[in-house]
Amino acid sequence: MLGLLLRVLPFWVREPLLIVLGAVLGARITYLAVHDQDRVAAVIGAVFLVFTAIRVRVVVRALRARRNPVPAAPADGAPTDAVARAWAQAQLAAPAPAPAGAGLPPGPVTAEKEPNPWGQAVAAVAVFAAIAAALWLGPDVLPSDDDTSTARAASCSDTEDEELPAVYGKTPRPVTGAELCEALNRPDLARLLGTPTEIATSASGTSNTAALTDGKVAQPEAEVRFDTYTVNLSATYNELSTAQYVNLLKIAGTEGEKDLRTLTVLGRPALLSSDPTMKIEISLGDEGSSGPVQQGPLARTLSVALDSKDRGGSYDITVWSESGALPDDGVLLGIAEKILPTIPLRSVR
């Protein structure tokens, strides 16, 4: 249908239409290719842009030929320069045009008006401007079931009515689990993990206190699950600095086992470490028995001090998967650089 339509349309309608569609599609596909780092899409976008450039050249040549008509060369093969000179002399020797109406029989005379190419071109662009706008803005304006760039299947709303422990009434008040969940459950979290097509299956946040502290140390946490990875974000408001924690691991001789790596994140001391997760099997049968605690898959944790002076406490971002596969350390750094600045500032000591 499209091919038949393009063959029927006049030249000055068809060519502007092809230029508009080619430019819009080429620019849009190229933009998406750069954004998603898709080489195949980049090649397709380049093909559309080259096609558009060719059509623009055809239109420009047609306009030049229309403005400056050149007489056809004679059939006997006479030189073009001689023909051009003879044509110019004939134009100079031609009598001046007679006044309007002179020598014409009475009565109205209707002259056939040649179509205006510029009018046709403007009309074509106006008609198909809406189509081009829809093609360009469609993925951003119209909802799509396959669009995971802004989709969040899981919600943190169920954590807002949680009763806070007394330690959360301190000044400055520690961040809550609900606030950590909102910070972690970002629309682009799956893309930061390297799995942009996945959607969060669950998101939760709890305002806990640290174990063996009699409820005096706040330790809120949030967790977002995907099909591939699970991400946990927690904050600990104790007096243990990152430097002291590293020294304790060195004294205990577990530095090699944990694959420690010290670095700086957002101007704060930070530490990368690895630990196995804990696996607990609970039977829901009549007896309600449970199996022993076992080691689960390995998890990678990025601990970042609450402030640049490392006066105690940290944010901990932990990532693991059921298969045991872990993302690169750069993934955790990217998540921290996006998430930590969005945590309420009152949580900083």
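Which residues of helix H8 (residues 242-252) are buried? In this predicted model, Thr242, Val246 and Leu249 are the buried positions of H8, where buried means under 20% relative accessible area, exposed over 50% and partly exposed in between, with a 1.4 Å probe and protein chains only. These residues cover an arc of only 60 degrees around the axis, which puts them on the same side of H8; the arc is that of the directions from the helix axis to the C-beta atoms. The face turned away from this buried side carries the exposed residues Ile251 and Ala252. Gly253 follows H8 and has a positive phi, near 75 degrees. Helices (H or I, at least four residues) and strands (E, at least two) are DSSP runs numbered from the N terminus.

Residues are numbered from 1 along each chain as its sequence is written. In this predicted model, local features need pLDDT of at least 70 and side-chain atom pairs count only at pLDDT 80 or more, totals for chains, interfaces and linings use all residues, and side-chain values use heavy atoms, with hydrogens and water left out.

Nine salt bridges are present in the structure, each defined as a side-chain nitrogen of Lys or Arg within 4 Å of a carboxyl oxygen of Asp or Glu. One of them joins the side chains of Arg186 and Asp188 (2.8 Å, N to O), and both Arg186 and Asp188 are buried. Another links the side chains of Glu223 and Arg225 (3.2 Å, N to O); Arg225 is partly exposed, with a relative accessible area of 33%.

A further salt bridge pairs Arg300 with Asp329, with the closest N and O atoms 3.0 Å apart. Arg300 belongs to strand E6 (residues 294-305) and Asp329 to helix H9 (residues 329-339), so the pair ties together parts that are 29 residues apart in sequence. Both Arg300 and Asp329 are buried. Through shared partners, salt bridges join Asp259, Arg261, Arg300 and Asp329 into one network.

Arg300 also interacts with Ser274, the two side chains making a polar contact (2.6 Å). A polar contact is a pair of N or O atoms within 3.5 Å; within protein, one must be able to donate a hydrogen and the other to accept it, and residues adjacent in sequence count only if both atoms are side-chain atoms. Ser274 is found in strand E5 (residues 268-279) and is buried, with a relative accessible area of 8%. Leaving aside neighbours within four places in sequence, Ser274 is in contact (heavy atoms within 4.5 Å) with Glu257, Lys258, Asp259, Leu298, Ala299 and Arg300.
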